[in-house]
Amino acid sequence: MRSLATILSFWLLCLASAFGAEGGHDHLPLHAEELMKIGPLVVTNSMVMVWIVAAFVILIAQLATRNMKLIPSGLQNGVEWLIEGLYNFLEGILGAALVKKTFWFFATIFILILFTNWFGLLPGVGTVGIKLEGSGVDQHDIFRPFLRGGNADLNMTVAMSVTFAVLWFYWAIRENSLKGFFAHIFAPKGKFVGFILVPMILVFGFVGVLEVISILFRPVALSFRLYGNVYAGESILENIMLLFGTGNLGEWFGWIPVIPFYFLELLVGLIQALVFMLLTSVFLKLICDHGDHDHGDHGH
Amino acid sequence: MLPIFEILAAVPPAESEGVVGDISRSFKVYWPQLVSQFISFAIVIFLLKKFAFGPIQAMLDQRRERIAAGEEKLKRIEKQLADSEASTAAAIAKANEEALRLIAEAKQGAAAFAEQKTQEAIAQAQQILSKAEAAGNADRERISTELKREFGRLVAATTSQVTGKVLTADDQHRINEEALSKVGN
């Protein structure tokens, strides 16, 4: 009965999507589109998608923890499996002490990116919206979808990456102290005494400058990697649909060639969430690795 | 032509605003959008931390603590069991030793008791023998005395009959003494 309801909901969504699409869905723009303004703040369709995903995750978490049992089953078991698996995975990278302080962020990032990516594949996303009319309307952009893949908006991925960068500085300084933080980047690694110490300070100083450039570029790389992969996936799905969806046969069966790409996008959504979380956690581990720090201090 | 190429073709060849400006324009990364997205993300992450991961993590921490406490308890029970087994083994060994000592003592005691009883029996037997000997001697003495007396009486009676004379007490005593001295002891 539950499966039947799920299938029915899915087909209803597809139907709604089809009706919406009929209105005049034009193309997938490179950016998210504005739906409304709240004062100076802009509400975009990708932002709405992120809110829906957050509400979904909160709902699931609340349902799973509403009636907790000592021996978990059903939803509680699934949620515990996911969170505990993530925790153990991150503990392997960050260590027991650091993971306790930072798990909330990495878990949020992973779950949010994963479900935002997957929700972006649901029928209706990018196809249900309103048709813009009027004299001031750009003829290349006459359709305004209500929803857009959350990570297919560079603003969203930049917000995540910059938030991580700020937290990275905070955690790194808290773990190392300000002096230790700079020593970690610029100080020679290893034990150097006497004459060799001078060139080593120069070499590691230069390496430190490169490291600083690398640190500054990390948010850029993180945000463009995620955005690029998600946007490319959505573009592929849309273009395949348009390519095979024309003509009498295409109108009815144009959705068939897209199916393999949907599975691909499910995988890409998971991989990108994993990559983002892995990279951010590894960046944090690298700066908080006290083993290297100790060597650096001895080097002085 | 595919829509993406149409879009790219449709981008107006406006004067370049530099790399950052071009990226901002293409992807609409402007301050209002970016700040709105930052605020939205901050709210989302706060809500997820408070209402999604907070309760789950608290539950997992609680379970982890419970498991750790259980393991600690198990270790304590195992230690107690090992201690108990060791103390039981020690008690058994001690009891065994004690039992062996008691058996040895009992054996020694039994031997001493047997010896004592034997000695007592020997002493008693000797006492009985001495008593019997004394009684025998007394009987013999008594019988001897009676025999002597009877013999004296018989000698006196015989003498009186032979001689036809009434013997006086002195005569009888003298005849008895003579007869007894001849018979001997």
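**View 1. Burial and fold of chain A.** Buried residues make up 31% of the 300 residues in chain A. Buried means that 20 or more other C-beta atoms, placed from the backbone, lie within 10 Å of the residue's own. This is a predicted model: local features need pLDDT of at least 70, side-chain atom pairs count only at pLDDT 80 or more, and totals for chains, interfaces and linings use all residues. Residues are numbered from 1 along each chain as its sequence is written, while chains are lettered from A and ligands numbered from 1 in the order in which they are written. Chain A has nine helices and four strands. Both are DSSP runs numbered from the N terminus: helices are H or I with at least four residues, strands E with at least two. Their order along the sequence is α-β-β-α-α-α-β-β-α-α-α-α-α. Of the contacts in chain A with a separation of 6 or more, 71% join residues 24 or more positions apart. A contact requires C-beta atoms, placed from the backbone, within 7 Å.

**View 2. Helices α5 and α6 of chain A.** Helix α5(A) spans residues 154-186 and α6(A) residues 197-244. They pack at about 160°, with axes 7 Å apart. Axes are lines fitted to C-alpha atoms over the stretch in contact, and angles run from 0 to 180 degrees between N-to-C directions. α5(A) and α6(A) are therefore roughly antiparallel, a term for angles over 145 degrees. On the α5(A) side, the contacting residues include Leu154(A), Val158(A) and Phe186(A). Phe204(A), Val212(A) and Tyr227(A) are among those in α6(A). By class, this contact has twelve nonpolar, five polar and two charged residues. Nonpolar covers Ala, Val, Leu, Ile, Met, Phe, Trp, Tyr, Cys and Pro; charged covers Asp, Glu, Lys and Arg; the others, Gly among them, are polar.

**View 3. Where chain B meets chain A.** Here 32 residues of chain B are in contact with 40 residues of chain A. On the chain B side, α1 (3-10), α2 (18-27) and α3 (31-163) each give two or more residues. The largest share, 22 residues, comes from α3(B). This side of chain B has 23 nonpolar, six polar and three charged residues. The predictor gives the complex an ipTM of 0.81 and a pTM of 0.69.

**View 4. Confidence along chain B.** Chain B averages a pLDDT of 83, and 90% of the residues score at least 70. pLDDT is the predictor's confidence in each residue, from 0 to 100. Residues 1-5 of chain B fall below 50. Where pLDDT is low, the predicted coordinates should not be read in detail.

Terms used. Angles under 35 degrees count as roughly parallel, over 145 as roughly antiparallel, 65 to 115 as roughly perpendicular and the rest as oblique. Two residues are in contact if their C-beta atoms, placed from the backbone, lie within 7 Å. A residue is buried if 20 or more other C-beta atoms lie within 10 Å of its own, exposed if 12 or fewer, and partly exposed in between; C-beta atoms are placed from the backbone.
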